[in-house]
Amino acid sequence: MLRSDQWRARGTVTPSRAEAWNGGAKVSALATALPAAATRRAFRAILWRDVFVTGKEFWVFLIQVGLQPLFMLFVFAKVLGELNYVTADYGQLLLPGIVALTAFLTALQAVAFPLVMEFSFTREIEDRLLAPLPTPLVAVEKLVVATMRAIVAAAVIFPVGALVLGSAPWRAAALPLLIVVLLLGSWVGAGIGLTMGTLVPPARISVMFALVFTPLIFTGATQYPWPSLDELPWFQFITALNPLTYCSEGVRAALVPEVPHIPPWICIVALIIAATIFTTTGIKGFLRRAIS
Amino acid sequence: MRARAAEAGASLEDAVAEAAVEVRDLVKRYPKQQVNAVDGLSFAVAPSEVFGLLGPNGAGKTTTVGVLTTRVRATSGEANVAGIDVLHDPVAARVRLAVVPQQVNLDRALTPRQNLVFHAAYHGVPATERRARAAELLDQFGLADRADDKVDWYSGGMAQRLMIARALMHEPEVLFLDEPTTGLDPQSRLFLWDRVRAMRERGVTIVLTTHDMDEAATLADRVGIVDHGRLLALDTPDALTRGLTGQSVLEVAVMPGPGDDVDAMLDELVKLDGVQRGERVASESAGFPPGGLAGPGGSSAGPPAAMSGGRAAAPDGQPGAGGPTATGLIDAAGEARLRLYLDVEPAVVLGAAVAVLSARGATVSDVHLGQPSLEDVFINLTGRGLR
């Protein structure tokens, strides 16, 4: 052991910014030709990462998105139909709603769950946050991937529906409106997922999902056409606040126009408004998490 | 100390003109916090330098690295990395820097090899090149056999190596290592140190934060000691430890020559250049158990317990305070132990001291050299309070 006196501090080291500072001229920022090109490449690469990861477990993905709609269609349309609780054509009304619901929820979950994990436990998003692209674009990439997954999921519902119901409503003329409404609906779902995934603390995520998910599913006009709610004005009002309603009604307008529905242009406008709101709140939340 | 820091600053001025990392008056206050996490920090790192940011937990090291790596928004001040203003052009800065964080943040959805390849893809490295580079780095970091495992199966040390390999995939100019060896086994630590030196050879500037004194003393060209968000000292590890003058000691056990007087011997020794004062201590000095002190050139072996004794017991600097009295200072065999307090490195005085003793016909039976370590500097600056 050392003796006390040997280690006594002599000259006191005074903290001083000025002397610690080494001086020297400030380096002028290098003009670099990179931003736009580097940003494009980085965006493509992080998009490819998510597509690649989805593709790696594509069967898992299909089961994830396909199973719930399969059972919903089977029980609500097939079983209840066979038992005469619902009419035989209810399936034709329900299927568009299920398509909308699947797209919406797939997008929402595709963003929210992984994001919560990536920001807290695995931190694996950090490598992408350090890629040479503006941070909001990392959030936008999440929305894009989620929307892509949602469109695939929605497409899967048609064969599933045909399998369960014997036929699925389809008309070629439906395609443009169907695509627009599903893209917008998925984007809104993704935006809500981004907002939730970044605003809700990780420890609360399961509670939040219970609080948000179930009301979203059942107030989204997926199991009933919105105009038919005239009998229940208060519920009709609540339903009108759920962006999913406009997606469901839009898909119904495209696939089964004979069923009374909200005019498509209203659906599109409402979805654009919702998309703007949730994209903004989502990106804000994302930035708050990404940069402290 | 003051003068020395200024000198170091002056000698580095040329390098600083094109600093690889430059922080000026940096302030960061997190929302809802009463104090600044970083409180007016300024320093500059020369290209190809290994710069250590040393400080206790919560001193602001990680926040500083966070600002420099575009993940923390500065409240005020300036921060440049590789000549790019990080605060205004984070995207361009990210091209030139890489980070190895404290906690594992590998992409678990990807294999280790894919982690490297995708990282390079994010940074725009062409496809064939990124595969080749990944293979090379996996090999270099001893991960080639386990390159296609799951990341989850990796040990802490392997994950760490993989993160460094990943950081090198886009050939950064500046590499930030945030407490790189915390929790690593000695093998991994030595390996990491080797890699750091190799990177410096290749011209990469390295900023590492640590509270491991050995690491800072071994690796860093210069060390900035930070506490409460402020820079307390900045210099080479040697200069910092030299700053604690008079804390080097040379202790010799001698058998005086026939008829010689120990006090006269001591008087002559004290007159040597570089010796501040001397004293006689008990022959089995409590201060020097075998192996308790660094040998010549060792700069970091002071046992922490000794430091506490140092400052606690002798704040007034009285030599030998509480030490043995003169009566017990020569043992039965007639051997005496003399301790010299130096303001130069002990090895410098050793030759002269031995020469003096031989000339007097004394026999030297034991020599101990003791130097203050960076840890002493650190504790001296940041105090002993727990964080």
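**Entry 1: strand 6 of chain B.** I began with strand 6 (residues 97–100) of chain B, where B:Leu97 and B:Val99 point one way, B:Ala98 and B:Val100 point the other way, and all are buried. For "buried" I used 20 or more other C-beta atoms within 10 Å of a residue's own; 12 or fewer is exposed, in between is partly exposed, and C-beta atoms are placed from the backbone. Helices (H or I, at least four residues) and strands (E, at least two) are DSSP runs, numbered from the N terminus.

**Entry 2: ground rules.** I noted that this is a predicted model, in which local features need pLDDT of at least 70, side-chain atom pairs count only at pLDDT 80 or more, and totals for chains, interfaces and linings use all residues. Residues are numbered from 1 along each chain as its sequence is written, while chains are lettered from A and ligands numbered from 1 in the order in which they are written.

Entry 3: Which strand pairs with strand 6 of chain B over four bridges? I found strand 7 (residues 174–178) of chain B, running parallel to strand 6. Two strands pair if DSSP finds at least two bridges between them. In this pairing B:Leu97 has B:Val174 as its bridge partner.

Entry 4: Strand 9 and strand 10 of chain B pair in the antiparallel sense over five bridges, and B:Val226 stands opposite B:Leu231 of strand 10. The two strands form a hairpin with two residues between them, and B:His228 in the turn has a positive phi of about 50°.

Why is strand 10 of chain B described as largely enclosed by the rest of the structure? The reason I noted is that six of the six residues of strand 10 are buried.

**Entry 5: a four-stranded sheet.** Chain B also has an open sheet of four strands in the order 2-1-4-5, with antiparallel pairing. Its edge strands are strand 2 (38–45) and strand 5 (84–85), each pairing on one side only. Strand 1 (residues 21–28) and strand 4 (residues 76–81) of chain B are antiparallel partners over five bridges, and B:Glu22 has B:Asn80 as bridge partner in strand 4. Helix 3 (residues 61–68) of chain B packs on this sheet, touching strand 1, strand 2 and strand 4, with its direction at about 115° to that of strand 1.

**Entry 6: chain B as a whole.** I noted 14 helices and 14 strands in chain B. Of its 387 residues, 52% are buried.

**Entry 7: helices of chain A.** Next I looked at helix 3 (residues 58–82) and helix 4 of chain A, whose axes come within 10 Å and cross at roughly 160°. They are therefore roughly antiparallel; the cut-offs are under 35 degrees for roughly parallel, over 145 for roughly antiparallel, 65 to 115 for roughly perpendicular, and oblique for the rest.

Helix 3 and helix 6 (residues 135–165) of chain A pack at about 35°, with axes 9 Å apart.

**Entry 8: one residue of helix 4.** Is A:Ala107 buried or exposed? A:Ala107, found in helix 4 (residues 90–119) of chain A, counts as buried because it has 31 C-beta neighbours inside 10 Å. Leaving aside neighbours within four places in sequence, its contacts (C-beta atoms, placed from the backbone, within 7 Å) include A:Ala146, A:Ser186 and A:Gly193. A:Gly185 is 78 residues from A:Ala107 in sequence, yet 8.8 Å away in space, C-alpha to C-alpha.

Note on methods. Two residues are in contact if their C-beta atoms, placed from the backbone, lie within 7 Å. Axes are lines fitted to C-alpha atoms, for helices over the stretch in contact, and angles run from 0 to 180 degrees between N-to-C directions.
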